[in-house]
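Subject: The structure we talked about

Hi,

Here is the structure I promised to send over. Have a look at it first, and then read on for my notes.

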Amino acid sequence: FFVAIIIMFSVGSIIGLSYFQMEDILNSQLETRLFNIAYYTAEDKQVKDALAENNNQELNLNEHIEKIRVKTNVDFIVVFDMNGIRLTHPNEENIGKKFRGGDEIRVLTTGEEYISKAVGTLGISIRAFSPIFQDGQQIGAVSVGSTVNEINKEKNEKMGQFIPFVIIGFLLGMYCAFVLSTIIKDEILGLEPKEITLMFKEKNAILENVKEGIITLNEKGNLIQYNKEAARILRLTDMDINRNINEFFLENDVFELLGTDKLTENLEVKIRPGVTILCKYNVLKNDKNQVIGQVVNFRDLTEIKKMAEELTGIKKMAWSLRAQNHEFMNKLHTISGLIQLEEYGEAIKYISKTAKRNEVTEVTTSKIKNASIEALLLAKYYKAEELRIKLEIDNQSILNKLPELLSEEDLGSLLGNLIENSFDAVNVDGTGKVFVKLSENDENLIIEIKDNGPGIPVEIREKIYEPRFTTKLGQRGYGMSIVKSIVDNANGEIILSVDNGTSWYIKIPMQGGENI
């Protein structure tokens with residue numbers, strides 16, 4: 001409707017402008033034509049002779065002038081003398097009478113040529129006056145004109161030629177407006193502008209209030225839009241719009257990974273030391289099924305791990321208490337049985353042997369200066385006892401500071417996954433053994449974990465770091481992938497060796513790590 005109004009206004013303006021321009025052109029052409037006819041009539045020899053001789057040949061002169069009038073298609077050509085008496089007129093009864101209108105005085109007194117508009121015997125008309133001279137003396141004048149009615153009739157005829165084109169143009173414009181509005185409505189799902197504005201504000205409010213970071217990328221992987229949480233996690237500003245997404249991550253091929261069909265969710269990406277995000281993405285396609293961009297939502301995996309550590313801390317405590325209680329009751333029963341059998345010497349030896357096992361607690365307490373890692377090692381120790389596995393923590397182990405690029409959450413995840421894998425590999429009949437040692441120097445943190453299990457088969461050693469690869473029924477297969485990712489992000493190296501079991505040797509550079 002609005003476009004139709006614009007078309008009507010535009011067409012109406014063009015018609016109005018064309019009408020006035022055509023009126024000016026027709027008036028100019030009419031004036032020029034009237035002047036030319038008046039001039040040539042004033043120069044006509046028969047006209048001059050009739051005025052000079054005054055021989056009462058008006059009828060012959062009028063017949064001559066009428067031929068000229070008919071041929072030139074004007075309404076009247078009137079020749080009159082210096083007294084204003086008509087010698088010619090389309091109505092012969094007006095011949096011999098005084099010129100009517102009052103606008104002839106100027107040509108008789110000044111001898112000028114001019115155009116005027118006045119009321120004559122034929123009605124309102126446009127007149128061209130031209131003086132008639134002979135031998136340098138004015139002997140009369142001629143007036144040539146057309147009535148206003150005839151002029152308007154000619155204008156209307158000219159305008160009538162435009163009307164079909166105006167109608168066709170208007171109808172075509174209305175049709176195009178209808179087609180355009182239909183196409184636009186289909187593109188915007190039939191929504192009105194107010195509805196689109198409301199929907200945009202609602203979605204924007206939702207995006208800004210979700211607890212996940214959300215970013216929109218174009219087909220080249222350049223940033224288009226982001227929400228408040230994404231700005232916080234990735235430290236985005238308005239200056240980052242149109243930057244490539246890979247510039248925000250330590251890995252340089254994130255967008256290539258996002259562009260594949262294999263990894264669509266649960267993609268861990270390191271954005272800076274100590275901060276990892278868990279990504280999920282959706283591909284945006286147009287109506288031609290062409291990829292036009294992606295929407296990526298992600299969570300701060302570092303915060304998730306902290307929450308998980310807090311939650312799993314309760315589980316670790318439960319394992320520890322359960323194992324300690326079970327072990328304590330077994331020891332009391334053993335001591336009670338030895339005393340009842342009056343084996344006092346054996347009872348003393350047993351008590352002494354049991355006291356030495358507290359060395360594990362002494363090692364973790366005095367030499368492991370990180371409370372989270374200390375709790376983890378103790379929990380794994382008591383879990384091993386529950387599983388009838390011997391977990392040996394080297395009494396030379398020491399941990400005073402962490403590498404600069406390794407957080408305590410990452411170290412805990414690394415140790416936890418490797419120790420659990422060792423538990424799964426060894427026998428649980430009392431013969432299974434797992435050895436753990438942490439050591440450090442000015443350059444590196446070194447982690448050694450060994451077990452006496454059957455070892456990793458040669459054919460799968462190259463696959464163990466792949467996500468979702470596992471040989472355990474019901475397991476997800478992310479453990480070793482996470483370990484490899486943590487070591488790589490910390491610029492470390494991991495060495496696997498298989499000899500009477502599986503050994504892991506991990507070296508991570510300190511790079512100015514701070515004291516714990």
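Which residues do ring pairs link into a cluster? Please keep in mind that this is a predicted model. The cluster is made up of Phe80, Phe99, Tyr114 and Phe129.

Let me start with the aromatic rings. Searching the whole structure turns up four aromatic pairs. Tyr39 counts as partly exposed because its relative accessibility is 41%, and Tyr40 counts as exposed because its value is 58%.

Phe80 and Phe99 form a tilted pair, 4.8 Å centre to centre with 40 degrees between the planes. Phe80 belongs to strand β1 (residues 76-81) and Phe99 to the loop between β1 and α4 (105-110), so this pair ties together parts that are 19 residues apart in sequence. Both Phe80 and Phe99 are buried.

Tyr114, from the cluster, also has a charged neighbour: Arg106 lies over the face of its ring, at 4.4 Å from the ring centre.

Now to the helices. The axes of α1 (residues 2-42) and α6 (residues 163-187) come within 9 Å and cross at roughly 160 degrees. An angle over 145 counts as roughly antiparallel, and α1 and α6 are therefore roughly antiparallel to each other. The crossing is right-handed. On the α1 side, the contact is made by Val3, Ala4, Ile7, Met8, Val11 and Ile15; on the α6 side, by Val166, Phe170, Gly173, Met174 and Ala177.

Best wishes

Definitions and conventions
Residues are numbered from 1 along each chain as its sequence is written. This is a predicted model: local features need pLDDT of at least 70, side-chain atom pairs count only at pLDDT 80 or more; totals for chains, interfaces and linings use all residues. Side-chain values use heavy atoms; hydrogens and water are left out. Rings of Phe, Tyr and Trp (its six-membered ring) pair if their centres lie within 6.5 Å; planes under 30 degrees apart count as stacked, over 60 as edge-to-face and the rest as tilted. Buried means under 20% relative accessible area, exposed over 50%, partly exposed in between (1.4 Å probe, protein chains only). Helices (H or I, at least four residues) and strands (E, at least two) are DSSP runs, numbered from the N terminus. A charge sits over a ring if NZ of Lys or CZ of Arg is within 6 Å of the ring centre and within 35 degrees of the ring normal. Axes are lines fitted to C-alpha atoms, for helices over the stretch in contact, and angles run from 0 to 180 degrees between N-to-C directions. Angles under 35 degrees count as roughly parallel, over 145 as roughly antiparallel, 65 to 115 as roughly perpendicular and the rest as oblique. A crossing is left-handed if the near helix is turned anticlockwise from the far one by less than a right angle, and right-handed if clockwise. Contact means heavy atoms within 4.5 Å.
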